[in-house]
Each structure stands twice: as C-alpha cells, then as structure tokens.
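Colleague: I'm new to this one. Can you put it on screen and walk me through it?

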Amino acid sequence: MGNSTIFSQLEIPNTLAAGPGPGKTDERVLARFANAGIADHMHGAVLRGMVECKFMLRDLFGTSNTHTFGVAGTGWSGLDCMFSAVMPGDTVVAFSNGTFSGIDALTLRMKASTREELALNSLNPKAASVTVIEIPHGQSVTGEIVEMALSEHKPKWAFMAHWETGSGRINDIKGFSDACIKYDSMGLVDAVSSLGVEDFRVDDYKGVVGWASCPQKGVLCLPLTYAPVSFTDQYIENLKASGTYTYCHHPIMEARHWGIVDGQDVEKGGYHRTHSGYAVAAFHEALRITLLHGLTQRANDYIFHEQALREAVSAMGCEVTSNMTSLIVLNLPEALAGREMELVQACRTENFGIWPTLSEPVQIRIGILNQLSQSAITDIINRFVIAMNKMDAGVDPVEINIGLENYYKQSIAAE
Ligand SMILES: *Cc1c(COP(=O)(O)O)cnc(C)c1O
C-alpha cells in the first residue's frame, strides 16, 4: 500500500534516565496523569487544581510573589515568558558559562534587538544594547564578575543561570542579587536546574525580579507540563508599563488562568488558553511529592548521594569538574580521553541514559534526579563501570563497590 502512512503503535522502552534532565519520573506522577478523568480545561476540579498548584509553587519557590504560576510547555517556555518583558533596545548584561546560559543570552539578544539588528542576522543577532560576559566552561559566575560588569554597564536587566547544567556549575546567586540592587538592575534568573534541588528562597534575593524553571528536573514532573515562574511586583509593573509582543507567554495574561487577576488571587482562573487536566494532575502530584519530601531534606539527600557518585568515579580515575548536586560532569581518565561520545553512545544503546556536554569541551554528564538511594546510585555506578571496562579501562568493580558500601556505612553511622 504505497499511500499508507499509518505506522505500528509507538513503543518506548523503559530506560534509566541518568542525565542532567529529564529526571526519572516518579511513578505516582505518571499515575495521576494517566488516571485523571476526561474533563475540559474549565472544569471546576481542574481550576481548583491550578489554584492549589499556584499556592504550592509559592512554597517551593519560597516567595510571596503573587505572580507565581506554571507556563505550559518546557523550561524554554517559562524562560520565554520571563524574558518577554525585555524589549527592543533595552540594555542587558547576560552572564554565560555553558550551553543553557548561552541560549538564554541568545534569547535576550533576540528580544533586545532592534528591527534592523534582527534583520541583519535574525538567527544570531548582535544587539548593541546587550553585553554577554563569557565565563569559561567549567567555571562559575562569581559575585565579583557580576559586580564588575554591572558597575560598568548599569543595565536595565541583568541575567544569570542559577545552576548552569551544561557545565554543571553553581553560580553566585547572592552576589548576583546584591549587585543588581547596588546598580539598580532588574535581575532575571534561569533556575531550571536548581528549583527543587537546592534549598533556597526566592524572597531572600531581592535583586532578582524574575525566575523561571522547568517541569522535569528538580520538580520531577513529566516533561512538557508546566514550567514554574515567579515575578515580583516590580517586574509586573515594569511589564505593564512597557507592554510586550506576546499574548501566549504574556506573564500577566497567562497568570489569569491560575487565578491571578489585577495582582490579586481570585478563587477561579479564567480562560487564557486550553490547559490540560492531565498535565495539571501530574504537576499537582509532583509538587505534593516535592513538598512532602521537604526542600531541606531533599537538598541534603542530593548532596549526600552526589558525593557517593563523585567519589566512585574519582576512584575510577575520572576527574569531576562540576559542583552541582544533581549531576556530575567529568573527564575520562587520560587513556580514554577523546572517546567520550563513544562511551555515551554505548551506554545509551543499553538504555542507560547518560549525556555528553552539548558544547565544547566534550565531557560526560551523569545525573541523579530522583535516584536518591544507595541502590539507585549503586546501579548507576555499576553500569558505568561495565561501560568503562568495555573500553578496557581496567576498573576493578569489587574495589569500587567496596568503596561505595563503605561510604554509605560510614555516612549513616556518622548521622
Ligand atoms: C534544561 C535546561 C533548560 C531548558 O529546559 P527545557 O525543559 O529543555 O526547555 C534551560 N536552562 C537550564 C539551566 C537547563 O538546565
């Protein structure tokens, strides 16, 4: 049948998602998604769920910002919503220390470009009003770097990624916020990788007016559900005054569906676009699970298990260059240098989903989102040992496992 385009049903296997994200989805989240009744986006239960999510999100972000809600889509959807207040000709300083902050900086160059600048090179515009400070891969953005750049440029907007997932680096959020206050810049932060993993409170960083995260990393919801965002009143006032060229990602309009109207909580949201009761149910459950775990406990668990992974790969001769707690970024031992892609590919064909870095230099990233147990970490490490030894790394699996067991025994004894 030459004209048939019907394929057999799509089967997607179970894999071990051990990358920087998406994390290993909690089965309870998937169950809420699959077991939701068939209901439209304006059904009372869906609207109530959205309002409850809004309140849980305020807890998770540690904020009293009224404009705290979820943007339908992925992390980039939330970021696009956050960047919507940046208008052509606005002055911006953006700090870039890896793949994601690099794309954030590109977004900012697109938003702040004049029509002429955009037309000149629409896919990679050079906006005269945007300064991008490049920090080498593997290094963090420090308070001093931010202070220096903001004192020189005094921009309307400043941007930084809180945790740069591309290079696995934590950037100085306090230094960033303090400099924003000092030089009267409005801070925008990509918190895609940090929300739900680090114990921090948005309201402690008054220089930051906009925060954006994603569904599928620290919050552990299904990808393509809701990207959490939070905006201060200052951000919203500024946006109201300038306007923005989007309906769909307009922070004030988008907030209405979550029951935020004229800066106030109202009992029920009103139509903005068609939301999914299934997505709301999943998001609601993911937030419940995160808050039940408790952010402090969760953050400590990440620190504890990242250390186990870090020590084990170090014992294999790898060099860890990251300082995030949800993943490690590493260089292979000298003898295997240059074979990173080959190793990652080999792991992926075994449904062991680790990642290379997406920008130079090529390194390996192994993540532990929602794998906060001795058995999960042991599984990851043993799969990695097998893959390394297929490339003749000569790692002794017994020695690695003894080291790991000792780590868990001693750490538990010390508690
Ligand atoms: C993952 C990630 C993104 C992109 O999120 P998507 O959900 O893939 O759109 C942006 N910024 C950072 C820091 C990330 O880790």
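**Salt bridges and packing**

Modeller: Let's start with a salt bridge: arginine 58 pairs with aspartate 265, and their closest N and O atoms are 2.7 Å apart. A salt bridge here is a side-chain nitrogen of Lys or Arg within 4 Å of a carboxyl oxygen of Asp or Glu.

Colleague: Where do arginine 58 and aspartate 265 sit in the chain?

Modeller: Arginine 58 is in helix 2 (residues 44-61), and aspartate 265 is in strand 12 (residues 264-265). The pair links distant parts of the chain, 207 residues apart. Helices (H or I, at least four residues) and strands (E, at least two) are DSSP runs, numbered from the N terminus.

Colleague: Before we go on, what am I looking at, and how are residues numbered?

Modeller: This is a predicted model: local features need pLDDT of at least 70, side-chain atom pairs count only at pLDDT 80 or more, and totals for chains, interfaces and linings use all residues. Residues are numbered from 1 along each chain as its sequence is written, and side-chain values use heavy atoms, with hydrogens and water left out.

Colleague: Back to the pair. Is arginine 58 buried or exposed?

Modeller: Arginine 58 counts as buried, because its relative accessibility is 11%. Aspartate 265 is partly exposed, at 35% relative accessible area. Buried means under 20% relative accessible area, exposed over 50%, and partly exposed in between (1.4 Å probe, protein chains only).

Colleague: How many salt bridges are there by this rule?

Modeller: The count comes to 15. One of them joins lysine 111 and aspartate 80, at 2.9 Å from N to O.

Colleague: What does the pair of lysine 111 and aspartate 80 tie together?

Modeller: Lysine 111 lies in helix 4 (residues 99-112) and aspartate 80 in helix 3 (residues 75-83), so the bridge ties together parts 31 residues apart in sequence. Lysine 111 is partly exposed at 21%. Aspartate 80 is partly exposed too, at 24%.

Colleague: Which side chain does glutamate 350 meet in a salt bridge?

Modeller: Lysine 390, at 3.9 Å from N to O. Glutamate 350 is in the loop between helix 12 (340-349) and strand 15 (352-353), while lysine 390 is in helix 13 (residues 374-390), 40 residues apart. Both glutamate 350 and lysine 390 are exposed.

Colleague: New topic. At what angle do helix 10 and helix 11 pack?

Modeller: About 80°, with their axes 5 Å apart. Axes are lines fitted to C-alpha atoms, for helices over the stretch in contact, and angles run from 0 to 180 degrees between N-to-C directions. The two helices are therefore roughly perpendicular (65 to 115 degrees; under 35 is roughly parallel, over 145 roughly antiparallel, the rest oblique).

Colleague: Which residues make the contact?

Modeller: Ile289, Thr290 and His293 from helix 10, with Leu295, Gln297, Arg298 and Asp301 from helix 11. Contact means heavy atoms within 4.5 Å.

Colleague: And the sheet: in what order do the four strands run?

Modeller: The open sheet has the order 13-14-17-16, with antiparallel pairing. Two strands pair if DSSP finds at least two bridges between them. Strand 13 (319-320) and strand 16 (355-356) are the edges, each pairing on one side only. Strand 14 (residues 327-331) and strand 17 (residues 364-367) pair over four bridges.

Colleague: Last one. What does histidine 272 touch?

Modeller: Tyr247, Cys248, Met253, Glu254 and His257, not counting residues up to four places away in sequence. Histidine 272 is in the loop between strand 12 and helix 10, and counts as buried at 2% relative accessibility.
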